[in-house]
Amino acid sequence: MEPTPVPPAGGPALPKLSTTVLLAIAAIGVALLAAVFGFILFVAAIPNIDTRLWWTGFASMIFALGFYLLFAATHDRKMAKPLAGGFFLIGAGSFYGSIFTGGASDVLKLVYMIVLSVLVIIVLGAIFVMARDAEKDAIRKAQR
(Lines give C-alpha, C1' and ligand atoms only; values in the text may rest on other atoms or scores of the structure.)
Protein backbone atom coordinates (compact mmCIF):
# COMPACT_ATOMS: atom_id res chain seq x y z
CA MET A 1 0.00 0.00 0.00
CA GLU A 2 1.14 3.40 -0.88
CA PRO A 3 0.83 6.24 1.62
CA THR A 4 -1.81 8.80 0.79
CA PRO A 5 -0.32 11.90 -0.79
CA VAL A 6 -0.21 15.06 1.25
CA PRO A 7 -2.66 17.64 -0.08
CA PRO A 8 -0.97 20.60 -1.76
CA ALA A 9 -0.48 23.70 0.36
CA GLY A 10 -3.14 26.29 -0.21
CA GLY A 11 -2.35 29.67 -1.65
CA PRO A 12 -2.35 32.85 0.36
CA ALA A 13 -5.39 33.25 2.54
CA LEU A 14 -7.72 35.73 0.90
CA PRO A 15 -9.91 37.90 3.09
CA LYS A 16 -13.63 37.37 2.97
CA LEU A 17 -15.71 39.68 0.83
CA SER A 18 -17.34 41.25 3.90
CA THR A 19 -13.92 42.08 5.36
CA THR A 20 -12.80 43.60 2.09
CA VAL A 21 -15.95 45.72 1.84
CA LEU A 22 -15.60 46.83 5.46
CA LEU A 23 -11.99 47.87 4.85
CA ALA A 24 -13.05 49.78 1.73
CA ILE A 25 -15.76 51.60 3.70
CA ALA A 26 -13.23 52.45 6.43
CA ALA A 27 -10.75 53.78 3.84
CA ILE A 28 -13.43 55.94 2.25
CA GLY A 29 -14.44 57.22 5.70
CA VAL A 30 -10.85 58.12 6.58
CA ALA A 31 -10.45 59.91 3.24
CA LEU A 32 -13.69 61.81 3.87
CA LEU A 33 -12.65 62.89 7.36
CA ALA A 34 -9.21 63.96 6.14
CA ALA A 35 -10.80 65.88 3.27
CA VAL A 36 -13.20 67.74 5.57
CA PHE A 37 -10.53 68.74 8.08
CA GLY A 38 -8.01 69.50 5.33
CA PHE A 39 -10.50 71.77 3.62
CA ILE A 40 -11.33 73.62 6.84
CA LEU A 41 -7.72 74.06 7.91
CA PHE A 42 -5.87 74.58 4.63
CA VAL A 43 -8.12 75.27 1.63
CA ALA A 44 -11.02 77.40 2.85
CA ALA A 45 -10.45 81.14 2.68
CA ILE A 46 -10.96 81.62 6.42
CA PRO A 47 -8.66 84.44 7.53
CA ASN A 48 -8.62 83.93 11.31
CA ILE A 49 -7.29 80.91 13.19
CA ASP A 50 -10.08 81.21 15.76
CA THR A 51 -12.70 80.80 13.02
CA ARG A 52 -10.87 77.76 11.61
CA LEU A 53 -10.71 76.25 15.07
CA TRP A 54 -14.42 76.92 15.57
CA TRP A 55 -15.31 75.16 12.30
CA THR A 56 -12.96 72.28 13.14
CA GLY A 57 -14.69 71.91 16.51
CA PHE A 58 -18.11 72.06 14.90
CA ALA A 59 -17.22 69.37 12.35
CA SER A 60 -15.65 67.22 15.09
CA MET A 61 -18.79 67.44 17.21
CA ILE A 62 -20.92 66.38 14.24
CA PHE A 63 -18.62 63.40 13.62
CA ALA A 64 -18.66 62.57 17.35
CA LEU A 65 -22.46 62.57 17.31
CA GLY A 66 -22.45 60.36 14.22
CA PHE A 67 -20.07 57.85 15.78
CA TYR A 68 -22.07 57.91 19.02
CA LEU A 69 -25.24 57.10 17.06
CA LEU A 70 -23.33 54.33 15.29
CA PHE A 71 -22.25 53.00 18.70
CA ALA A 72 -25.84 53.19 19.97
CA ALA A 73 -27.01 51.19 16.96
CA THR A 74 -24.26 48.56 16.96
CA HIS A 75 -22.78 48.59 20.50
CA ASP A 76 -19.34 48.32 18.89
CA ARG A 77 -16.94 49.06 21.72
CA LYS A 78 -13.83 48.52 19.59
CA MET A 79 -14.27 51.25 16.98
CA ALA A 80 -17.38 53.41 17.27
CA LYS A 81 -17.11 54.31 20.95
CA PRO A 82 -13.42 55.36 20.89
CA LEU A 83 -13.97 57.32 17.69
CA ALA A 84 -16.93 59.15 19.24
CA GLY A 85 -14.82 60.01 22.29
CA GLY A 86 -11.83 61.05 20.20
CA PHE A 87 -13.84 63.38 18.00
CA PHE A 88 -15.52 64.83 21.09
CA LEU A 89 -12.08 65.62 22.54
CA ILE A 90 -10.92 67.17 19.26
CA GLY A 91 -14.11 69.24 19.11
CA ALA A 92 -13.92 70.45 22.70
CA GLY A 93 -10.21 71.26 22.32
CA SER A 94 -10.89 73.17 19.11
CA PHE A 95 -13.67 75.15 20.76
CA TYR A 96 -11.43 75.99 23.73
CA GLY A 97 -8.65 77.00 21.32
CA SER A 98 -11.09 79.16 19.40
CA ILE A 99 -12.09 80.94 22.59
CA PHE A 100 -8.48 81.55 23.64
CA THR A 101 -7.34 82.81 20.23
CA GLY A 102 -10.46 84.88 19.51
CA GLY A 103 -10.60 88.63 19.75
CA ALA A 104 -13.50 88.81 22.20
CA SER A 105 -13.29 90.77 25.43
CA ASP A 106 -12.16 89.01 28.59
CA VAL A 107 -15.68 88.96 30.04
CA LEU A 108 -17.10 87.43 26.87
CA LYS A 109 -14.29 84.83 26.81
CA LEU A 110 -15.16 83.93 30.39
CA VAL A 111 -18.83 83.51 29.48
CA TYR A 112 -17.91 81.32 26.49
CA MET A 113 -15.59 79.23 28.70
CA ILE A 114 -18.31 78.71 31.31
CA VAL A 115 -20.92 77.70 28.71
CA LEU A 116 -18.51 75.32 26.98
CA SER A 117 -17.34 73.85 30.28
CA VAL A 118 -20.93 73.19 31.35
CA LEU A 119 -21.60 71.39 28.07
CA VAL A 120 -18.41 69.32 28.45
CA ILE A 121 -19.37 68.37 32.02
CA ILE A 122 -22.84 67.31 30.85
CA VAL A 123 -21.34 65.07 28.16
CA LEU A 124 -18.78 63.59 30.56
CA GLY A 125 -21.54 62.95 33.10
CA ALA A 126 -23.56 61.13 30.45
CA ILE A 127 -20.50 59.05 29.54
CA PHE A 128 -20.02 58.17 33.22
CA VAL A 129 -23.65 57.05 33.56
CA MET A 130 -23.44 54.97 30.39
CA ALA A 131 -20.21 53.31 31.56
CA ARG A 132 -21.72 52.55 34.95
CA ASP A 133 -24.83 51.03 33.33
CA ALA A 134 -22.69 48.97 30.97
CA GLU A 135 -20.70 47.68 33.94
CA LYS A 136 -23.91 46.69 35.73
CA ASP A 137 -25.10 44.89 32.60
CA ALA A 138 -21.79 43.01 32.33
CA ILE A 139 -22.01 41.93 35.98
CA ARG A 140 -25.62 40.80 35.51
CA LYS A 141 -24.68 38.78 32.40
CA ALA A 142 -21.73 37.18 34.21
CA GLN A 143 -24.00 36.01 37.05
CA ARG A 144 -26.29 34.12 34.66
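A crossing of two helices is called left-handed if the near helix is turned anticlockwise from the far one by less than a right angle, and right-handed if clockwise. The views below are taken from a predicted model.

**View 1. Helices α2 and α3 cross with a left-handed sense.** Two packed helices are described by the angle between their axes and the distance between the axes. For α2 and helix α3 (residues 80-101), the axes come within 7 Å and cross at roughly 160°. Angles over 145 degrees count as roughly antiparallel, and α2 and α3 are therefore roughly antiparallel to each other.

**View 2. Residue A59 lies in helix α2.** Is A59 buried or exposed? With a relative accessibility of 10%, A59 is classed as buried, because the class takes in residues under 20% relative accessible area. A59 and F88 are separated by 29 residues in the sequence, while their C-alpha atoms lie 10.0 Å apart in space.

**View 3. Helices α1 and α2 form a right-handed crossing.** Helix α1 spans residues 17-43 and helix α2 spans residues 49-74. Their axes come within 9 Å and cross at roughly 160°. This angle makes α1 roughly antiparallel to α2.

**View 4. A salt bridge joins the side chains of R140 and D137.** Side chains of opposite charge can pair when their charged atoms come close. Here the distance from N to O is 2.2 Å. How many salt bridges does a search of the whole structure find? The search finds 1. R140 and D137 are 3 residues apart in helix α4, so about one helical turn separates them. R140 is partly exposed, at a relative accessible area of 44%. D137 is also partly exposed, with a relative accessibility of 33%.

View 5. I122 belongs to helix α4, which covers residues 106-143. The relative accessible area of I122 is 53%. I122 is therefore exposed, as that class begins over 50%.

How values were computed:
Residues numbered from 1 in each chain as written. Predicted model: local features only at pLDDT ≥ 70, side-chain atom pairs only at ≥ 80, totals over all residues. Heavy atoms only, no water. Helix = DSSP H or I, 4+ residues; strand = E, 2+ residues; numbered from the N terminus. Buried < 20%, exposed > 50% of the residue type's maximum accessible area, 1.4 Å probe, protein only. Axes fitted to C-alpha atoms, helices over the stretch in contact; angles between N-to-C directions. Parallel < 35°, antiparallel > 145°, perpendicular 65-115°, else oblique. Salt bridge = Lys/Arg side-chain N within 4 Å of Asp/Glu carboxyl O.
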